[in-house]
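Dear colleague,

Please find the structure below, together with its sequence.

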Amino acid sequence: MKDPRFLAVQLLDKTFRSGSYSNIQLGSGLEKSEMSDRDKRLCSVIYYGVIERKITLDYIISQLVKRPIEKLDLTVLNILRCGVYQLLFMDNIPDNAAVNESVTLAKKFKKASASGMVNAVLRNLIRRDKQYAIPMDILISSSIEYSAPVWMIDSFIADYGMENMTDLLSDALKKPPVTVRFNTLKATEDEIISQLGNIKAEKSLLLENCYELDGGDVTATDAFKNGLLHVQDKASQLCCRALNPTADDKVLDLCSAPGGKTFTMAEMMNGKGEIYACDLHEKRVKLIADGAKRLGLENIKTMAADASVYNEKLPKFSKILCDVPCSGLGVIRRKPEIKYKNPSDFEGLPTIQYKIAENALNYLEVGGEMVYSTCTLRKEENERVIEKLIENHPEIEGVSFLEDFGEPFGSFYASIFPKYFGSDGFFISKIRKVR
């Protein structure tokens, strides 16, 4: 059985070396660990905490070590990150425990020569009353405060202003809510709640069949196993409401996997009409099919297809959802490692997004409506893509949507920040084919 702190450092080493998704890395590590639930929680908190606060932690460590931080051994650096995180952000762990466990970790990882340095750095931080100097420069100070790279701070401020940058990145340091949509095609809301076990559910005043859960493993509940709900953030549910499919519609979801929006739309259609759910890879298509089967949704047809290439086998559709691949900067609170990607990784996305949206128009019947959406907040991937689409295609026009929900709606596109609904960051736009 592994020690939770030891496993946290092991997983951090793997994550920062490979750039893999934190939820996959952690899930795999915990499954093999044979640790108690309590130790698993401690490991998770430290692991995610270090990823969320890496820039902050590295800045503090750089003030306390003599050599440049990039020259430190990665495992030693991760031991220091975990130690500093416990000292600054985990009030339930005594300072001495945080220091002593970190020193012990250095020895367990056969880094005994670094144990003295680990001890000195952490005790020095305690002697400083855990205080550290913050630079005056607004970009650098914001980078340290929100543990986000300067380029990202600058990009959010340029696109949406200081207030929205602060809203998104301060929210990204909080624990994200677990939001689900009840499948009332199979059971009543009360019946679904009765199958949640000890998990409490609070009904949303914003959306029908939407509930926020107070934690726990929802996938282990009878409600999940019996296909009575699926996990989905409020922003994604709002996206489906924007398209507003009915039982009379034929719907195309071009980039469907893992299928959450497809499932919500199928339920909105009362299990009637037709939804074609597509994705590029067969493995991901199977995720959609498996989810539809669990939920008992028989109006979903799954298929592998390249969303950017016209498929003459597909018919015309009255409603289309284009939830395109994106940089994911709206869901940092769920995937904090996204913050540390190179901005060059995102350069080609607008071209791909535009190609998918333009191809989707080939499938849209006259009078039909399409929603373009992303889980990012970069104007280059959002407003500019849809504005270019409308400019180049006189046969379409922007359509206002969800006006009754208030700000930020009331136009043909909306950038959703956490302050509005407590949701992930998201972008939605709606167009209609008029001729």
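**Aromatic contacts**

Y211 is buried, with a relative accessible area of 5% (buried means under 20% relative accessible area, exposed over 50%, and partly exposed in between, with a 1.4 Å probe and protein chains only). F182 is buried as well, at 0%.

The model is predicted: local features need pLDDT of at least 70, side-chain atom pairs count only at pLDDT 80 or more, and totals for chains, interfaces and linings use all residues. Residues are numbered from 1 along each chain as its sequence is written, and side-chain values use heavy atoms, with hydrogens and water left out.

Rings of Phe, Tyr and Trp (its six-membered ring) pair if their centres lie within 6.5 Å; planes under 30 degrees apart count as stacked, over 60 as edge-to-face and the rest as tilted. By this rule there are 16 aromatic pairs. The ring centres of F182 and Y211 are 4.0 Å apart and their planes lie at 15 degrees, so this pair is stacked. F182 belongs to strand β1 (residues 178–182) and Y211 to strand β3 (residues 210–213), 29 residues apart in the chain; strands (E, at least two residues) and helices (H or I, at least four) are DSSP runs, numbered from the N terminus.

Y310 and Y363 are also stacked, at 5.4 Å centre to centre and 20 degrees between the planes. Y310 is partly exposed at 46% relative accessibility, whereas Y363 is buried at 1%.

Finally, ring pairs join F401, F405, F409, Y420 and F421 into a cluster.

Yours sincerely
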